[in-house]
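Dear colleague,

Please find below the structure for your review. A short account of the findings follows it.

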Amino acid sequence: EIETFVNLLKKSREPKFLTYLGDLCVSKGIAIQKVQGMVCNVVLNDQHSDILMKISLPRRHPDVILEWSDDNRRPLREVSESAAKGDNQDIKVIEYFRAQL
């Protein structure tokens, strides 16, 4: 199941699959450590390193930087402001970022 969700996530970049992975880790409000470990092993595997956004705080730069592919790297503030103004692409970026948290 975990690999299935990860593969769907890689294909679609839909945040709902991140949410599903999180849902697998909990039952009746109680963490399922074994499943959490399995999800972490798959998601954090180098083979799947492209499914999570990276964040950084460069020196001498006042903003947190989001990186979600080799050619997409922007300040979080800029993405959130654009999303707040209704930019659909940036809305999707913010939704995905929230889901991965």
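**Findings**

Arginine 13 lies in the loop between H1 and H2; helices (H or I, at least four residues) and strands (E, at least two) are DSSP runs, numbered from the N terminus. The model is a predicted one, in which local features need pLDDT of at least 70, side-chain atom pairs count only at pLDDT 80 or more, and totals for chains, interfaces and linings use all residues. Residues are numbered from 1 along each chain as its sequence is written, and side-chain values use heavy atoms, with hydrogens and water left out.

Although arginine 13 is not a glycine, its phi is positive, at about 60°. Most residues other than glycine have a negative phi. Arginine 13 is partly exposed, with a relative accessible area of 28% (buried means under 20%, exposed over 50%, partly exposed in between; 1.4 Å probe, protein chains only).

Lysine 28, in the loop between strand E1 (26-27) and strand E2 (30-31), also has a positive phi, near 55°. Lysine 28 counts as exposed, at 83% relative accessibility.

Helix H1 (residues 2-12) packs against helix H2 (residues 15-24) at an angle of about 165°, with the axes 9 Å apart. Axes are lines fitted to C-alpha atoms, for helices over the stretch in contact, and angles run from 0 to 180 degrees between N-to-C directions. H1 is therefore roughly antiparallel to H2 (an angle over 145 degrees). On the H1 side, the contact (heavy atoms within 4.5 Å) includes Phe5 and Leu9, and on the H2 side Phe17 and Leu21.

Yours sincerely

Definitions and conventions:
Angles under 35 degrees count as roughly parallel, over 145 as roughly antiparallel, 65 to 115 as roughly perpendicular and the rest as oblique.
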